Each structure stands twice: as C-alpha cells, then as structure tokens.
Amino acid sequence: MFLLKCLIKGKHMKRSRLARAAVAAAAVAGLVLAGCGDTDAPGGEQADVSVLAMDASQMQTLQKLTKRHFTAETGITVDYTLLPENEARERMNREFATQAGTYDVASVSAYEVPIYADNGWLAPLDSYVRADEDFDQGDVFPNLVSSLTGEDGKLYAEPFYGEGSFLMYRKDLFRKDGLTMPPNPTWEQVAGLAARIDGTDGASGICLRGLPGWGQNLAPLNTVVNTFGGTWYDMDWNARLTSPEFKKAVGFYVDLLRTHGQPAADRMGVLEILDRFVEGKCAMMYDATSLASSIEADGSAVKGRVGYVPAPHDRTEKAGWLWTWAWGIQQAAENKDAAWEFISWASSKEYQELVGREVGWTAAPAGNRKSLYSNPRYQQAADAWYRQEYTAATDSADPRNPGVDPRPYTGIGFLGIPEFAVLGTAVSQQIAAAIAGQQSVDAALEKSQDLAQAAAAKYRGE
C-alpha cells in the first residue's frame, strides 16, 4: 500500500488547495496518509471541532455544507451547537469565562471580541493567518479587522459575515404618493416622509425595532443618539442620558414609532419587523444590510419594489452601524489547529463561491470580503442593494468616534465595555416602556441615567 505525504508541513500551516485535493483523492483511493498531523489528533484519533453559534440562516447553510465539503477535504468533523442568539450568548459567556474547553470555536461578535481578548479568553490568530496564504487576509474589510483586533494589536477573530445599516423603502408606494427619497436622507426628512406615506395600502410609515434588548431596540436607537449629538458618557465617565441631545434623540425615535410605526412596536424586534416588511406592511424600515437578501428573496411580497439608501443622519455625516459575527478560538481549546482549518474554510472566498453555486448568491455570507463585491454573479443577484451594502460596510460611522462629542468607549450600536450587556438590557426595557406608552421618555431616561451612572462607578475610581 502506498504512502502519500502531506504536501506541506508545520503545525500552523493550512494545507494548500493542491494538497487538500490530493488528500481527498487519496482517501477515495484508499491510500494511507502519512505526515498529516493536523488532520488527526495526538494518538491517531480524529480531531473533531466543536462549534457554538447562533441559530441563523447563514449558520444553518454552513452546517449543511460542512460534511460534504470541509470534512470530505480535510477529514475533520465538526459538531455544531446552534442556539437562539440570547441563549447562545449566555452559554458562550459562561463557556469562555470559565475556559471550560467544551467548544473549540464560537461565533463571537464585535462586542465580545475586545472584552474576551482583554481577559485572555481567545487565542490570537496572527500566526495562523501568516502561514495561510490561501486565506487572503488582505481581502477582508479593514474596518472589520480593526473591530476584531485587541488592544495588544493582535487579531482574535475572523468575520463570517459583516453588516452595516441602511434605510429600505417601498419605491412603489413612494411613486403612488408622489414622494421622492433623498439620496442621503436626514432623520427629519424620514419623519416627514413617514407621516405622508403612513397608511398607504395599509402600510405603516416606518418599521423600527422596539423590543427590549441591547441588540434589539438599542442597536438602531444608538445610531440616532450618536448622530443627534448624544453620548452615554463624557470623558470622565459621567452618565449623559438626561442631556438635551440624548433626550432629543430618544424622544424622536419613540415619537416616530408611536405615531407612524408598526402596531405593538414594543414587542417587535428585528425578525418581527422583517416579517412585516416582506409582507408589504411597512413603507420604510431602518435596519441591518444583511436583511436585504430576505427582502429580495423568492416569496417576498416586496421583491423588486424596494430602494436602499444610507442610514439617516442628523448632525453627523455618517450614522450607520458596523457589526460582524466572527469566528474565534477559545484559548482552552485542545484542537486549535483543526479549529483554524474550520475558520479558514468558513470565512474564505471559496466558501462564498460554494454557497453561491449550491444555494444561491444572495445566500452567500456578505459584508466581510472585498472580492464578493467585484464578483459579477453576486452583483447580478444582489443588484438592488449590493452597492449600498458595500458602502455601509466600508464607510460606516467610526466606532471610535461615531458622534459629535468625544467619549471614553468604542462602539456605534453598542458600548464596548463589559457592563453594557446588563446596562443596555435594563435601559432598553425603559425605552420599550416609553414606546408602549407606559411612561414618558423623560421618566425612562431619568431611571436610565441612574443605571448608567452606577454601572460606570469603577471607571470613575469610586
């Protein structure tokens, strides 16, 4: 029986495409592979990778394609645990904080990465990237790379997909009412348009997230706060939630939802308003760029009828958020080499091509690589929105300076501090109560001010 040597060597070296093809061919022919240490764990046992991720359509597609492609090429099997976002986050926080090692890889976001990296919970990826020429790190959007880089300058995650935010509007309803969407609208213009189009063909003037959650109503609301000149804290970590700018932004958002938004807005998050939009029940929606593929999918009642423009602004020129779901390796993981093999495949140009061929180009994970936007097949499939998607991904507000006044934290739709997960959730509940008409905006922000002041006590040295 013949022996086939691996075509490359080195603990952190990913097999080249040629080598992987040879390995796959050898496996079919029944040959014995020698020297392929990063396929098998010590002792000859298969190096399985355990992955924890949120249960989203992109993850479901990845799971379906893994065995027939990644495992067939590398011999590495992948065990997925897909959970609803809040549940996945809770388990991930517990897993990484204890360094239990149950999962080798997790889908971490732009919020978790700097915090986890600072605590030593993530393994740096720089050595893997340097050794993996096929991965083409230079093709990844620089602003996403920056958001996944720790204070020590090391890279801790690779984006699976990224997103900005933009305004989506019904072109057919606008034509019917004789309205024109400005190419770069202000929030004042959007409010005026919402008032005029509200009720046309039974559609709400605008749909916005109202459901409590720091990743729900606060994600879009924080971009409004930023562009209206508000900030959660000044440079001395004094809370500023009752400042005139913050009050104006929250009052605007709540009033817009209450007067021209969808019914029961305080109980509707991103999935609920997306459902309403694709059913034709919203004239406008401000939300994530990643929603466009669902809006333009077969079966959508508004496919081909939607226009896309940049996130509305007020005092700043840019107002859109920057977000990514990315792959990180737990520091306690025993199978780091195999974990990188998985990340390299799942975040690659080749994987995007695979999804494009087998599922459809609008299902390809987007917002992470430049090359996707120069691909004629993606351009054709995503013609309605890919230009604005690209602009949102490359020209969003600056996470380090997204508003008017300086601030001691980073982030656009969130605050990059560990306390924000709890603080943001509590504040979002106060905002939702105002949207529901259970209290005034002033009352909601008075309570939120106290919560924010207490949350930052350690940063003020108290």
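**Strands, a helix and a few loops**

Q: Let's start with the strands: what is the bridge partner of tyrosine 161 in β10?
A: Within β10, tyrosine 161 has tryptophan 325 as its bridge partner. Strand β6 (residues 158-163) and β10 run antiparallel and are joined by 5 bridges, where two strands count as paired if DSSP finds at least two bridges between them. Strands here are DSSP runs of E with at least two residues, helices are runs of H or I with at least four, and both are numbered from the N terminus. Please keep in mind that this is a predicted model, in which local features need pLDDT of at least 70 and side-chain atom pairs count only at pLDDT 80 or more, while totals for chains, interfaces and linings use all residues. Residues are numbered from 1 along each chain as its sequence is written, and side-chain values use heavy atoms, with hydrogens and water left out.

Q: Okay, and how many bridges join β5 to β10?
A: There are 5 bridges between β5 and β10, and these two strands also run antiparallel.

Q: How many of the residues of β10 are buried?
A: In strand β10 (residues 323-329), 7 of the 7 residues are buried, so the strand is largely enclosed by the rest of the structure. Buried means under 20% relative accessible area, exposed means over 50%, and partly exposed is in between, with a 1.4 Å probe and protein chains only.

Q: Which residues point one way from β10, and which the other way?
A: Trp323, Trp325, Trp327 and Ile329 point one way, whereas Thr324, Ala326 and Gly328 point the other way, and all of them are buried.

Q: Switching topic, what is the order of the open sheet of 3 strands?
A: The order is β8-β7-β9, with antiparallel pairing. β8 and β9 are the edge strands, each pairing on one side only. From one strand to the next the twist averages 30°, with axes taken as lines fitted to C-alpha atoms (for helices over the stretch in contact) and angles running from 0 to 180 degrees between N-to-C directions.

Q: And how do β7 and β8 pair?
A: They pair in the antiparallel sense over 5 bridges, and methionine 168 has methionine 285 as its bridge partner in β8.

Q: Is β9 a buried strand or an exposed one?
A: Of the 5 residues of strand β9 (residues 306-310), 4 are buried, so β9 is largely enclosed by the rest of the structure.

Q: Which residues of helix α11 are buried, then?
A: In α11 (residues 270-278) the buried residues are Val270, Ile273, Leu274, Arg276, Phe277 and Val278. They pack against β7, β8 (284-288), α12 (292-295) and β9, with contact meaning heavy atoms within 4.5 Å. Just after α11, glycine 280 takes a positive phi of about 85°.

Q: Which residue other than glycine has a positive phi near 50°?
A: That is glutamine 99, which lies in the loop between α3 (85-98) and β5 (105-109) and, at 23% relative accessibility, counts as partly exposed. Aspartate 136 is not a glycine either, and has a positive phi of about 60°; it lies in the loop between α5 (126-131) and α6 (142-147). As background, most residues other than glycine have a negative phi.

Q: What about threonine 200, buried or exposed?
A: Threonine 200 counts as buried, at 11% relative accessibility, and it sits in the loop between α8 (187-197) and α9 (218-227). A polar atom of its side chain lies 3.0 Å from the backbone oxygen of isoleucine 197. Not counting residues up to four places away in sequence, threonine 200 touches Leu173, Lys176 and Asp177.

Q: Last one: where does pLDDT stay under 50?
A: It stays under 50 over residues 1-45, for which the model has 65 contacts beyond four places in sequence; pLDDT is the predictor's confidence in each residue, from 0 to 100. Where pLDDT is low, the predicted coordinates should not be read in detail. The chain averages a pLDDT of 89, and 90% of the residues score at least 70.

Conventions:
Polar contact = N/O pair within 3.5 Å; in protein donor to acceptor, adjacent residues only side chain to side chain.
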